[in-house]
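Visitor: I'm new to this one. Can you walk me through what you see?
Guide: Gladly. Here it is.

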Amino acid sequence: MLSLNREYTRQEYDDCWQLVKDCIPHAQIEKNHANPDSFRQIMTEMLPLLMMRHRRIPRSKWRDRLNATGKHWIEQVPESMPYEKWVHSMIGYHLDIQGSLCGMAMTQGTRNRVLNIGLSIKQIAVEPRGVSVAAYAESQAHKLTPLEKESILNKTDEITLRRLAIVLALKQAYIKAIGQPIGFDWSRLEFNVDEKTATGDGNMLIGWEFRIFKANLGVIRRNRLYEEQYQCVCAFYRGHRHVRYIWHETVKELSEWVQFINIDQMLKVLPKLSA
């Protein structure tokens with residue numbers, strides 16, 4: 001997970017944009033240093049480069065592949081290892097970004113087993129700014145089932161915001177994991193967090209694992225420090241015989257599975273990412 005914890009300079013933007021242009025050509029990001037969304041997208045696209053650098057695999061030794069539903073996986077050059085090892089070396093990944101947080105979820109194995117992974121990041125805040133929590137929740141109600149509405153709506157603002165963020169992140173992570181297009185009816189999915197169940201069109205989502213965690217960020221904008229909270233969910237199909245929710249609530253639990261970095265840490269290794 002990458003925290004966009006401060007503003008960027010034009011030189012930083014130019015350096016990062018050039019790296020993505022050279023190393024991630026499928027990204028096709030229009031150059032616009034004045035647009036913060038452009039910088040967010042650039043930094044997000046750099047995450048696979050960072051991950052492969054940590055694995056000490058040169059950029060010339062791997063390819064970024066894409067299937068018909070928009071799912072990405074990384075395929076290493078076959079000549080670099082025995083075939084039996086190569087078929088299990090595929091890395092499926094999914095990128096997401098919202099506000100000041102971008103991230104990548106990944107898994108390794110055979111190609112068919114690594115594609116069903118999705119990541120969702122939801123800021124725990126109303127949209128647009130200034131509206132009441134009740135009004136914001138009502139605007140999202142069409143994505144919820146009656147059971148979910150009962151659990152989320154007409155509660156205290158804090159409970160409504162947190163529960164809504166969790167359920168929406170669960171749904172979005174699953175939708176992205178299965179490669180569904182924009183326009184999918186979210187109300188076809190139901191997540192009963194209390195009972196630890198999840199269904200799609202009334203059928204249990206057997207075999208799916210949902211890892212749930214929260215990120216607290218400190219972000220500097222115009223010399224002021226702002227605190228932001230994000231709800232994150234990673235959905236992955238493991239093929240077991242039940243639905244599994246895994247909550248990462250302590251720093252120790254989270255550090256065993258999630259790595260957090262910031263802009264300065266990413267920029268520090270920038271010259272090495274294209275190697």
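**A first tour**

Visitor: How many salt bridges are there?
Guide: The count comes to 13 salt bridges. A salt bridge here is a side-chain nitrogen of Lys or Arg within 4 Å of a carboxyl oxygen of Asp or Glu. Keep in mind that this is a predicted model: local features need pLDDT of at least 70, side-chain atom pairs count only at pLDDT 80 or more, and totals for chains, interfaces and linings use all residues. Residues are numbered from 1 along each chain as its sequence is written, and side-chain values use heavy atoms, with hydrogens and water left out.

Visitor: Which residue forms a salt bridge with Lys31?
Guide: Asp14 does, and the closest N and O atoms are 3.7 Å apart. Lys31 sits in the loop between α1 (10–23) and α2 (36–45), while Asp14 is in helix α1, so the pair ties together parts 17 residues apart in sequence. Helices (H or I, at least four residues) and strands (E, at least two) are DSSP runs, numbered from the N terminus.

Visitor: What about Arg40 and Asp37?
Guide: Their side chains meet in a salt bridge, 2.4 Å from N to O. Both lie in helix α2, three residues apart, which is about one turn of the helix.

Visitor: And Glu209 and Arg211, buried or exposed?
Guide: Both are buried. Their side chains meet in a salt bridge as well, at 3.0 Å, N to O. A network of salt bridges links Glu209, Arg211, Arg238 and Arg244.

Visitor: New topic: sheets. What is the strand order in the sheet of six strands?
Guide: The order is β2-β3-β4-β5-β1-β13, in an open sheet with mixed pairing. Two strands pair if DSSP finds at least two bridges between them. The edges are β2 (62–66) and β13 (261–262); each has a single partner strand, so one side of each is left without a neighbour in the sheet.

Visitor: How many bridges join β3 to β4?
Guide: Three, and the two strands run antiparallel; β3 covers residues 72–76. Ile74 has Ile91 as its bridge partner in β4.

Visitor: What lies across β1, β4 and β5?
Guide: Helix α2 does, running at about 160° to β4. Contact means heavy atoms within 4.5 Å. Axes are lines fitted to C-alpha atoms, for helices over the stretch in contact, and angles run from 0 to 180 degrees between N-to-C directions.

Visitor: What about the sheet with four strands?
Guide: That one is open too, in the order β6-β11-β10-β12, with mixed pairing. Its edge strands are β6 (117–123) and β12 (244–248), each pairing on one side only. The twist averages 25° from one strand to the next.

Visitor: Which helix packs on that sheet?
Guide: Helix α8 (residues 157–177), touching β6, β10 (208–221), β11 and β12. Its direction makes about 150° with that of β6. α8 is mostly covered, with 16 of its 21 residues buried.

Visitor: How far apart are the end C-alpha atoms of α8?
Guide: They are 30 Å apart, which agrees with the 30 Å that 21 residues should span at 1.5 Å a residue. The expected span is 1.5 Å times one less than the number of residues. Just after α8, Gly179 takes a positive phi of about 75°.

Visitor: Now the inside. How many residues has the largest nonpolar core?
Guide: It has 34 residues, and those with the most contacts inside it include Leu2, Ile42 and Met43. α1 gives the most to this core, with six residues. A nonpolar core is a set of buried Ala, Val, Leu, Ile, Met, Phe, Trp, Tyr and Cys residues joined through side-chain atoms within 4.5 Å.

Visitor: What is Met43 in contact with?
Guide: Leaving aside neighbours within four places in sequence, Met43 contacts Leu2, Leu4, Cys16, Ile263 and Met266. A second, separate core has 33 residues, among them Leu153, Val167, Ala177 and Trp208.

Note on methods: Buried < 20%, exposed > 50% of the residue type's maximum accessible area, 1.4 Å probe, protein only.
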